[in-house]
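Please read them with the structure open.

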Amino acid sequence: MFLFQNITAIDWVMWIAVIAALMLLNEAARANKWVGLTLFVAVPIILTIFVWPNTAGSGSSTGTWFHWVKVYSALAGCLGFMALRFIPKLQNNKWMLMFPPIILSVNIMEAVFRDFQVYGLHGMVDGVFMNGGAWNIMNGIAGIINIITITGWMGIIVSRDKQKDMIWPDQIWPWIIAYDIWNFAYVYNCVGDHSFYAGAALLLSCTFAAFFIKKGSWLQARAQTLAFWMMFTMSFPAFVTDSQFAVQSSHNSTALMVVSALALLANVGVLVLHIYRVVKLRRNPLKDSVYAGTRAHDQVLADNLPEDKVTNDLNTKDSDPKDSALI
């Protein structure tokens with residue numbers, strides 16, 4: 001195959017199982033705060049003390065600074081989002097509402113730094129095969145653009161249903177898809193032999209959850225599925241490298257270039273849309289919901305705001321009819 005070496009039927013079965021398991025765990029974490037605290041506090045403490053020093057130590061494929069930072073930053077995101085969900089006084093605190101974009105930006109920037117670092121690496125490094133090149137720089141730029149186009153965090157709300165999900169109406173599908181392509185390219189570039197699962201399966205698990213189960217909850221689902229995956233892969237690093245289910249990257253320079261080029265093009269496209277709406281509708285991307293007035297934004301808002309607030313919030317911004325029909 002172009003992206004990967006031979007993929008067997010059992011690999012595809014396991015790939016689907018990984019997506020399903022991550023989605024089920026995400027649903028469990030949504031259920032209530034006690035399940036969430038067990039999964040994101042108690043379990044990581046046990047793993048940190050008794051498991052990861054042995055499985056994710058120096059020389060293992062998950063023994064790098066990046067993996068350790070990634071698992072704890074993902075867990076920090078999960079706990080911060082839970083605080084927003086279950087502590088009412090934080091839900092209208094503008095400083096607390098800055099936490100989601102900050103933790104998201106930090107996670108993206110960690111990957112951007114790693115892409116730039118891998119540019120000069122070739123061969124086996126920390127148990128992972130590296131094939132650095134211009135594609136790392138291209139994808140790093142795509143990641144920076146992805147950060148620039150994060151908007152509407154002052155419009156983050158908590159859903160009115162029993163799950164009390166953290167809902168971000170302005171995080172609409174064009175941005176999510178651009179993020180997914182960029183993040184897959186990052187994993188493919190920097191941990192290529194993990195990307196069949198840690199790239200494609202992991203990203204689809206949170207995107208499916210946000211598109212088909214609870215719209216508007218993408219960042220919450222992303223943090224939770226990422227935390228679950230990182231805890232699993234640091235506990236069982238051989239799963240993606242040496243097990244019967246391991247799928248190796250092709251390490252093909254053309255494939256690396258194509259994936260990163262797609263990531264850059266997708267994020268440039270979102271940047272153009274972002275600038276268009278900011279300029280045409282005079283939105284302040286640091287305060288306003290840039291996509292307010294679009295179908296994707298307004299439907300999420302209507303589904304989750306208390307009914308007496310829906311009309312006022314939907315009428316606060318002028319919309320562009322052309323964009324509303326498309327997005």
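1. Gln224 is found in helix 9; helices here are DSSP runs of H or I with at least four residues, strands are runs of E with at least two, and both are numbered from the N terminus. At 2% relative accessibility, Gln224 counts as buried (buried means under 20% relative accessible area, exposed over 50%, and partly exposed in between, with a 1.4 Å probe and protein chains only). Leaving out residues up to four places away in sequence, Gln224 touches Asn26, Ala29, Arg30, Phe40, Cys78 and Arg85, where contact means heavy atoms within 4.5 Å.

2. A word on the source. This is a predicted model, in which local features need pLDDT of at least 70 and side-chain atom pairs count only at pLDDT 80 or more, while totals for chains, interfaces and linings use all residues. Residues are numbered from 1 along each chain as its sequence is written, and side-chain values use heavy atoms, with hydrogens and water left out.

3. Helix 9 packs against helix 4 (residues 65-86) at an angle of about 140 degrees, and the two axes are 9 Å apart. Axes are lines fitted to C-alpha atoms, for helices over the stretch in contact, and angles run from 0 to 180 degrees between N-to-C directions. The crossing of helix 4 and helix 9 is left-handed (the near helix is turned anticlockwise from the far one by less than a right angle; clockwise would be right-handed). On the helix 4 side the contact includes Cys78 and Arg85, and on the helix 9 side it includes Gln224, Ala227 and Met230. By class, the contact of helix 4 with helix 9 has 13 nonpolar, three polar and two charged residues; Ala, Val, Leu, Ile, Met, Phe, Trp, Tyr, Cys and Pro count as nonpolar, Asp, Glu, Lys and Arg as charged, and the others, Gly among them, as polar.

4. Helix 9 (residues 218-235) also packs with helix 8, at an angle of about 145 degrees and with the axes 8 Å apart. The crossing of helix 8 and helix 9 is right-handed. Among the residues that meet are Tyr197, Leu202 and Cys206 in helix 8, and Trp218, Arg222 and Trp229 in helix 9. The contact of helix 8 with helix 9 has 11 nonpolar, three polar and one charged residues.

5. A search of the whole structure finds 25 aromatic pairs; rings of Phe, Tyr and Trp (its six-membered ring) pair if their centres lie within 6.5 Å, and planes under 30 degrees apart count as stacked, over 60 as edge-to-face and the rest as tilted. The rings of Phe208 and Phe212 have centres 6.0 Å apart and planes at 50 degrees, so this pair is tilted. Both residues lie in helix 8 (residues 195-213), four residues apart, about one turn of the helix. Phe208 is partly exposed at 31% relative accessibility, and Phe212 is exposed at 65%.

6. One aromatic cluster is formed by Phe4, Trp12, Trp15, Phe184, Tyr188, Phe196, Tyr197, Trp229, Phe232, Phe236, Phe239 and Phe245. Of these, Trp15 is found in helix 1 (residues 9-31) and is buried, with a relative accessible area of 15%. Its contacts, leaving aside neighbours within four places in sequence, are Phe196, Tyr197, Ala200, Ala201 and Leu204. The C-alpha atoms of Trp15 and Ala201 are separated by 6.3 Å, although the two are 186 residues apart along the chain.

7. Buried or exposed: which is His194? His194 is buried, with a relative accessible area of 4%, and is found in the loop between helix 7 (173-190) and helix 8. Not counting residues up to four places away in sequence, His194 touches Ser61, Val128, Val187, Gly199, Val240 and Thr241.

8. Lys164 has a phi near 50 degrees, a positive value in a residue other than glycine; Lys164 lies between strand 3 (157-158) and strand 4 (166-167) and is partly exposed at 38%. Arg282 has a phi near 55 degrees, again a positive value in a residue other than glycine. Arg282 is in the loop between helix 10 (253-280) and helix 11 (295-304) and counts as exposed at 77% relative accessibility.

9. On the overall fold, there are 13 helices and four strands in the protein. Of its 327 residues, 55% count as buried.
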